[in-house]
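Hi,

Here is the structure we talked about handing over. Have a look at it first, and then read on for what turned up.

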Amino acid sequence: MTIVLDTISHTLQVTQTIEVTNSSNKTLSKLVLNDWNHAYSDKYSPLGKRFSDEYVRAFHFAPQKERGNTLIKSLLVNHAQTAWNRVDNHLDIIEIELKSALEPNQSTTLEIQYDLKIPDAKFTRFGYSDGNYYLKNCFLSLARLSEEGQFTYYSNENLEDIANATNENIELEFILPKQYNITTNFNLTNQTETQTNKVIAFSSKNVSEVQFAIEKNVSFESFKNETIEVETNLADARINGIQRAIVIDKVINYMSHNLGTLEVNKIMISKADYDRNPFYGLNQLPAFLSPFPDDFIYEIKFLKAYTYNYLKTSLKIDVRKDGYIFDAIQVYIMMKYIEDNYPNAKMLGNISEYKLFKGYYLTQVDFNEQYKYLYMLMARKNLDQPIGDSKETFIKFNEQIAGKYKAGLSFKYLNYYLQDSTVENSFREFIALNKVNHTNAADFEALLVKNSPQNIDWFFPTLIRSRKIIDYKFGPIHKSKDSISVTIKNNGEATTPISFSGIKDKKVVFKQWFSNIKTDTTFTISRDHLDKLVLNNQNEVPEFNLRNNYKSLRSIFSMNRPLKFNLLKDLENPFYNQIFYIPEIGFNLYDGAILSLNLQNKSLLDKPFIYDLNPSFSTTTASLTGSASFAINQQIRNSNLYGIRYGLAGSYFHYLQDAAYFKFYPSILFKFRGDDLRSNKKQFVTLRHIIVDKEKPAGNVVINTPLNYSVFDARYTFQNTEMVKGFALGTDLQFSKDFGKVSTEVSYRKLFENNYQVSLRLYAGSFLYKNTATDFFNFGLDRPKDYLFDYNYYGRSESSGFFSQQLILAEGGFKSKFKNPYANQWMTSFNATSSIWHWIQMYGDAGFYQNKGMKTKFVYDSGIHLNLVPDYFELFFPVYSTNGFEMQKNYGEKVRFIITISPKTLISLFTRKWF
């Protein structure tokens, strides 16, 4: 290649020649090229679609000049013009039809001239940034070719898994402005300068990735030991160059000793690579809070980045299809590195040494335990996926964290079980095999099975190609004077080995492995005055639930897991029944500040049984209030009905000055989803029976609403949302002795190519019957009555003043206030919002409603909407409505607001991109 850099248009003008040899055993009628730079050209490319699925806004809102593309000017095969096309739905893959078929071992030559418009680095960290260019896999390259003559069609989906053919030799020549310098994983072969330009030539053999950093001021340092040269800009101002050199040499030697020496003599470790694949945990802590020494942080960062690039250089696998091998070796070697070099390191470093935090399990667990908890986070949410699946099918958290960690944990588990060096030897052999051949998962699995001294037929089907959970527990235990009869039950879906230990005076007296417990097994052991029996004592097995792994052999009054109280949250501690107490403060107009002590068992991992008790004190009424809920979550692993939640909840607060309400309801929630976990389509069916008992106001306050009633409520919800578009449908059916009503709500949101956004909502509701004259159960245009006490009103009984301006977008959804805005027969409304500029929008509402014995009424309103933080802080300014021009006297009383003080709403804005 000859590459000319244009720094004005951020373009690379490329002249490229590719000599192609058919390495398959089939005749080729076409060639396939990867053009991953062109994935940035369209908002609806596979790359753009993935950004939308994960709510990444920057790409869709970027102007055309910030997005990349490839303009092909000329394409010749054996010096003749040849037809080519971009593949449907894969605009970053090019097919070239060959006029003459290419037989096995025959060669042909491609000559291509094209311009690469480099994208802004803010999308993926590769591209141009502040006048510098960080390039990776942006040039045209031949796609990976199988022995059967099949090319790999993989689009760029921001997964760093390009499938290139083997490049035996690459030679490049860059022509760039004189003030620029280049850092690369290639070898420098020549450099000349003119008055304005530099001409720099590079070459490399058997390289798998093409990386270049073109900078005005070089940020990379070079470190060289007896085996390899490392170019890196992964720096840390808190440690000096000598310290960095010591760390780099230590990591390189460790990798060479454990996995073998790299065949290349140069490797490039960029900050961009690390930032794309950081060590989650360390990267979340600001520098001033870091509980780890500076050199340790740099060491772990460099270890993560170096193992990543080491394996990218060494493995010739299809990383998208067989990526679990890559992840398994990387995470395994990182865990081993900590065990060998920092065996006493804790997950939160030196925080564990402070007395204030000694009671928290989070500070006491070993550093490597974090891998298990982050994998289990997804398993407990029923969002884990088989790690042997193709990489593009993973949701983001699994692709970047949980799936990788499960891969490493699975092979660590196998190593514990085999109790020899089979796993590590197999890793080394497989890497050596990759030096001469393309390999795949079948090669790797055959190698491990061949090397294993025991039968491991259970390993790959269960831990790699399925999402079956491992969970063993104790069944009945019968004690005699000299012996104990023990039953172990398989409480999960997988049949895998499990370790069994006897504990006396906190020491392991014996340990053995059981390998084929499909349902249960019973055996007898000597009593030996043991204190406790434990399954999976050292947590070697990635087990779904560790809380049922203990059986005390002390007196009948002993608890297998005693109670433990913790302030705020903690990791799930399998040795204790944890109760978390959390001071909280809430507010409503009638209770004032609500001071609560929240008691719950919700740790950082989901549990099958959850309780949440909130005894509270109302400062305005000086009385006790509060709420409580209990729920059983039933996880269904292999069904479109993936979860059922059985609940029982109640609350007691004030709805008026000195008048309280009590709400109690049992419920059941059914959750449905498709087989594709990346799809945002979900369905829910909720059944509730709400019982409300309200106190009668004291004094002369007259209230015309019912004080006691119960309502059966059945709801269905369908939703399918992403960043570019969203659709939701909901129906609600309610019955009580006083009324029956049905309603439907449909909403649609669309972000167009020109970044214009529109949101539409249609609501329709009708009474089936009504046996009461009160308007309390009526439909509301601008302010729902909320007789089910579902909405978080701060002043639910207010009809004027600031608190009456709170907006709940339900039922009619109008923003202007109307006289008599309630319907006792039917109501339908249409709400629309469209963008003006960024978070400034305009809205319009229109609707019809009817009361018995009266004509149908038509109403409308319009105004400006400031969507500052969606669902959290929004303002609505009415302009014109059925009332007339709204912007007149007392206008401040007409402005409506949405303010949510629940942190769960804000947190969901960040977690949706991961889950």
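This is a predicted model: local features need pLDDT of at least 70, side-chain atom pairs count only at pLDDT 80 or more; totals for chains, interfaces and linings use all residues.

Let's start with the open sheet. Eight strands form it, in the order E5-E4-E8-E2-E1-E12-E15-E14, and the pairing is mixed. Strand E5 (80–81) and strand E14 (187–193) are the edge strands; each has a single partner strand, so one side of each has no neighbour in the sheet. Val 77 has Ala 80 in E5 as its bridge partner.

One to click on is Glu 193 with Lys 178, where the closest N and O atoms are 4.0 Å apart. This pair links distant parts of the chain: Glu 193 sits in strand E14, while Lys 178 is in the loop between strand E12 (169–177) and strand E13 (181–184), and the two are 15 residues apart. As a reminder, side chains of opposite charge can pair when their charged atoms come close.

Now the helices. Helix H3 (residues 241–259) packs against helix H6 (residues 323–341) at an angle of about 115°, and their axes are 12 Å apart. That makes the two helices, H3 and H6, roughly perpendicular. The crossing of H3 past H6 is right-handed. On the H3 side, the contact is made by Lys 250, Val 251, Tyr 254, Met 255, Asn 258 and Leu 259. H6 brings in Ile 329, Ile 333, Lys 336, Tyr 337, Asp 340 and Asn 341. Sorted by class, the contact of H3 with H6 has seven nonpolar, two polar and three charged residues.

Strand E34 (residues 681–694) pairs with strand E35 (residues 708–721) in the antiparallel sense, over 13 bridges. Here Val 692 stands opposite Tyr 709 in E35. E35 also pairs with strand E36 (residues 725–735), again antiparallel, this time over 10 bridges. Asp 713 has Gln 734 in E36 as its bridge partner. E35 and E36 form a hairpin, with three residues between them.

Cheers

Definitions and conventions:
Residues are numbered from 1 along each chain as its sequence is written. Side-chain values use heavy atoms; hydrogens and water are left out. Two strands pair if DSSP finds at least two bridges between them. Helices (H or I, at least four residues) and strands (E, at least two) are DSSP runs, numbered from the N terminus. Axes are lines fitted to C-alpha atoms, for helices over the stretch in contact, and angles run from 0 to 180 degrees between N-to-C directions. Angles under 35 degrees count as roughly parallel, over 145 as roughly antiparallel, 65 to 115 as roughly perpendicular and the rest as oblique. A crossing is left-handed if the near helix is turned anticlockwise from the far one by less than a right angle, and right-handed if clockwise. Contact means heavy atoms within 4.5 Å. Ala, Val, Leu, Ile, Met, Phe, Trp, Tyr, Cys and Pro count as nonpolar, Asp, Glu, Lys and Arg as charged, and the others, Gly among them, as polar. A salt bridge is a side-chain nitrogen of Lys or Arg within 4 Å of a carboxyl oxygen of Asp or Glu.
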